[in-house]
Amino acid sequence: MTETERFRTERLVARSWQIEDLPLAIELWGDPAVTELIDSRGKLSDTQVEEKLRAEIERERSHGVQYWALFDHRNGEFVGCGGLRSWLYTPGEANSQWGSIS
């Protein structure tokens with residue numbers, strides 16, 4: 001495993017997002033077919049995608065988890081992202097410290 005690799009399955013490799021992955025993030029989060037399902041803003045601009053990427057990087061730094069970049073183990077092709085979110089639950093308060101699903 002590399003320093004940024006988080007886990008590996010028979011089919012996928014998950015690794016931490018890096019700022020150099022901005023073109024992959026734009027490919028994913030700049031696609032309105034993707035963002036309409038995960039972000040209330042709909043299609044994200046390149047600037048909004050970069051902000052989202054930086055937030056994922058910071059989330060891992062501060063909480064140890066993020067929606068990691070996923071690659072096909074067989075050919076290294078980027079396939080999307082998946083992972084974990086930290087969640088603070090306080091009875092009577094909103095469900096997520098982040099305020100929205102992303």
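## Confidence and conventions

The chain averages a pLDDT of 84, and 84% of the residues score at least 70, pLDDT being the predictor's confidence in each residue on a scale from 0 to 100. Over residues 95-102 the pLDDT is below 50, although this stretch has 16 contacts in the model beyond near neighbours in sequence; a contact here means heavy atoms within 4.5 Å. Where pLDDT is low, the predicted coordinates should not be read in detail. Among the elements of the chain, α1 has the highest mean pLDDT (95) and helix α2 (residues 32-38) the lowest (86).

This is a predicted model, in which local features need pLDDT of at least 70 and side-chain atom pairs count only at pLDDT 80 or more, while totals for chains, interfaces and linings use all residues. Residues are numbered from 1 along each chain as its sequence is written, and side-chain values use heavy atoms, with hydrogens and water left out.

## Overall architecture

The chain contains three helices and four strands, which follow the pattern β-β-α-α-α-β-β when read along the sequence. Helices (H or I, at least four residues) and strands (E, at least two) are DSSP runs, numbered from the N terminus. Of the 102 residues of the chain, 31% count as buried; buried means under 20% relative accessible area, exposed over 50%, and partly exposed in between, with a 1.4 Å probe and protein chains only. Among contacts between residues at least 6 apart in sequence, 46% join residues at least 24 apart.

## The four-stranded sheet

The strands form an open sheet in the order β1-β2-β3-β4, with antiparallel pairing, where two strands pair if DSSP finds at least two bridges between them. The edge strands, each pairing on one side only, are β1 (5-8) and β4. Neighbouring strands of this sheet are turned by 30° against each other on average, direction ignored; axes are lines fitted to C-alpha atoms, for helices over the stretch in contact, and angles run from 0 to 180 degrees between N-to-C directions.

Strand β2 (residues 12-15) and β3 pair in the antiparallel sense over four bridges, with V13 standing opposite F71 in β3. On the pairing with strand β4 (residues 78-83), β3 is joined by five bridges, again antiparallel, and here F71 has F78 as its bridge partner, L70 stands opposite G80 and W68 stands opposite G82. The two strands β3 and β4 form a hairpin with five residues between them, and G76 in the turn has a positive phi of about 75°. Five of the six residues of β3 are buried, so this strand is largely enclosed by the rest of the structure.

## Nonpolar core and helix packing

The largest nonpolar core is made up of ten residues, namely W17, A25, L28, W29, L44, V49, L53, A69, F71 and F78; such a core is a set of buried Ala, Val, Leu, Ile, Met, Phe, Trp, Tyr and Cys residues joined through side-chain atoms within 4.5 Å. At least two of its residues come from each of α1 (22-29), α3 (46-63) and β3 (67-72), and α1 gives the largest share, three residues.

Helix α1 lies across β3 and β4, running at about 80° to β4. Leaving aside neighbours within four places in sequence, A69 is in contact with V13, A14, R15, W17, F78, G80 and C81.

## Aromatic pairs

Rings of Phe, Tyr and Trp (its six-membered ring) pair if their centres lie within 6.5 Å, with planes under 30 degrees apart counted as stacked, over 60 as edge-to-face and the rest as tilted. By this rule the count comes to four aromatic pairs. One of them, between F7 and W68, is edge-to-face, at 5.9 Å centre to centre with 85° between the planes; F7 lies in strand β1 and W68 in strand β3, so the pair ties together parts that are 61 residues apart in sequence. F7 counts as partly exposed at 32% relative accessibility, whereas W68 counts as buried at 7%. Ring pairs also link W17, W29, F71 and F78 into a cluster.

## The loop between α1 and α2

D31 lies in the loop between α1 and α2 and is partly exposed, with a relative accessible area of 31%. D31 and L44 are 13 residues apart in sequence and 7.7 Å apart in space, C-alpha to C-alpha.
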